[in-house]
Amino acid sequence: MTTPKPILYSYFRSSCSWRVRIVLAHKSIDYEYRPIHLLKKEQISIMEYLEETYPQNPLLPKEPLLRAKVREICEVIGSGIQPLQNLSVLQKIGDEKMEWGHYYINKGFFALEQLLAGCAGKYSVGDQVTLADCCLVPQVYNANRFKVDMSQFPIISRIHEALNSVEAFKAAQPSNQPDCPEDLK
Amino acid sequence: MTTPKPILYSYFRSSCSWRVRIVLAHKSIDYEYRPIHLLKKEQVSDEYTKVNPMGQVPALIVEDKMLTQSISIMEYLEETYPQNPLLPKEPLLRAKVREICEVIGSGIQPLQNLSVLQKIGDEKMEWGHYYINKGFFALEQLLAGCAGKYSVGDQVTLADCCLVPQVYNANRWILSLLCKKKDRNYGSV
């Protein structure tokens, strides 16, 4: 009896779903995509689970301090930035939501840029793609939506550009998902 | 040559610092405690922002390297001090522990931390109460499916290290809201 393939509930533009899609693509994990309109599910724990159960194309280094650095970046994005500009919070903020979202992404990216100055190589942590990169790309997409001036963040920008030519990242792009509306492709 | 002991930058009532303190105590790790007083804005001093550019606590110095972000610090301690483990062995249970950490660490705490409350202004008490309440409804449902004696099964895990400080915050919030309604100044952080 074969193990059924994993099912991913995802929204094409949700940065949380997007991170998981990158991991699935990077590890060539066959899965069933079920579009859902904005279901908030804890995503970093899902990425860690996939990393532990599908060890091919690892996304965490072996060395503990480097692993900590990857997780630190995931947490800066996943706890320090994303929750403060997700849809439900913006709806609560109301009219000032653009300024609010812009403020928190900008603030978080200043801190992230400094962090990356100490650990980035070709990608966020050294020269191999890691979970940190899976979190970074969707957050840069959001930064652009909130009109953050990315010229302030040369390291983030450089890494983002390098990642956009990696196959797994291309596959996970919102525009390549089945639920992406035609006018946003 | 002995390895210097880790240094923890912490505020006594910061729930993120508290999570890390629980892990350090649970594993009997000897460390140096350096207080950062949030109300005196020591976290945004030039000296401290060199340690942690986000200007937050906790920060852990190990082998001259600085680690920030509480959950990644806890995972590092779990990997490098394997005694008294705080993660189960089975992958789905590990995922459940991490899910709970994330519900609290991403879903609740960032929305009621000091800097966000300062930005919200006058409605901060209602805001904080709203997000803790909302998050706890989600957490309660999660726990219904996995809790034993503790959050996940019958052994203490990283999830429990996140839960206790968050409940403390929830209780302070309720008390503060009650005091506000009675025009009493309970204080903030």
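How many residue pairs are in polar contact between chain B and chain A? The count is 17 residue pairs, both at pLDDT 80 or more; a polar contact is a pair of N or O atoms within 3.5 Å, where within protein one must be able to donate a hydrogen and the other to accept it, and residues adjacent in sequence count only if both atoms are side-chain atoms.

Before you click further, note that this is a predicted model, in which local features need pLDDT of at least 70, side-chain atom pairs count only at pLDDT 80 or more, and totals for chains, interfaces and linings use all residues. Residues are numbered from 1 along each chain as its sequence is written, chains are lettered from A and ligands numbered from 1 in the order in which they are written, and side-chain values use heavy atoms, with hydrogens and water left out.

**Stop 1: where the chains meet**

Now pick out Met54(B), Glu102(B) and Lys119(B): they supply 18% of the area that chain B buries against chain A, more than any other three residues.

**Stop 2: the salt bridges across the interface**

Next, show the charged side chains. The rule finds six salt bridges across the interface of chain B and chain A, a salt bridge being a side-chain nitrogen of Lys or Arg within 4 Å of a carboxyl oxygen of Asp or Glu. Select Glu52(A) and you will find a salt bridge to Arg94(B) at 2.9 Å, N to O. Glu52(A) also meets Arg98(B) in a salt bridge, again with 2.9 Å from N to O. Glu52(A) lies in helix 2 of chain A and Arg98(B) in helix 4 of chain B, so the pair joins two chains. Helices (H or I, at least four residues) and strands (E, at least two) are DSSP runs, numbered from the N terminus.

How exposed are these two partners? Arg98(B) counts as buried at 6% relative accessibility, whereas Glu52(A) is partly exposed at 30%. Buried means under 20% relative accessible area, exposed over 50%, and partly exposed in between (1.4 Å probe, protein chains only).

**Stop 3: a salt bridge inside chain A**

Move to Glu51(A) and Lys27(A), whose side chains meet in a salt bridge of 2.8 Å, N to O. Glu51(A) sits in helix 2 (residues 44–53) and Lys27(A) in the loop between helix 1 (15–26) and strand 2 (32–35) of chain A, so the pair ties together parts that are 24 residues apart in sequence. Glu51(A) is buried at 11% relative accessibility, and Lys27(A) is buried at 1%.

**Stop 4: Gln177(A)**

Find Gln177(A) in the segment after helix 8 (167–172) of chain A. Is Gln177(A) buried or exposed? At 5% relative accessibility, Gln177(A) is buried. A polar atom of the Gln177(A) side chain lies 3.0 Å from the backbone oxygen of Ala171(A), and the backbone oxygen of Gln173(A) is 2.8 Å from a polar atom of that side chain. Leaving aside neighbours within four places in sequence, the contacts of Gln177(A) include Phe12(A), Arg21(A) and Tyr33(A).

**Stop 5: backbone details in chain B**

Most residues other than glycine have a negative phi, and most peptide bonds are trans. With that in mind, select Val57(B) and Pro58(B), which are joined by a cis peptide bond with omega about 5°. Pro58(B) is in the loop between helix 2 (46–51) and strand 3 (59–62) of chain B.

Then go to Ser28(B), where phi is positive, near 50°. Ser28(B) belongs to the loop between helix 1 (15–26) and strand 2 (32–35) of chain B and is exposed, at 63% relative accessibility.

Finish at Asn84(B), which has a positive phi of about 50°. Asn84(B) is in the loop between helix 3 and helix 4 of chain B and is partly exposed at 39%.

Definitions and conventions:
Buried area = accessible area lost by both parts, 1.4 Å probe. Contact = heavy atoms within 4.5 Å.
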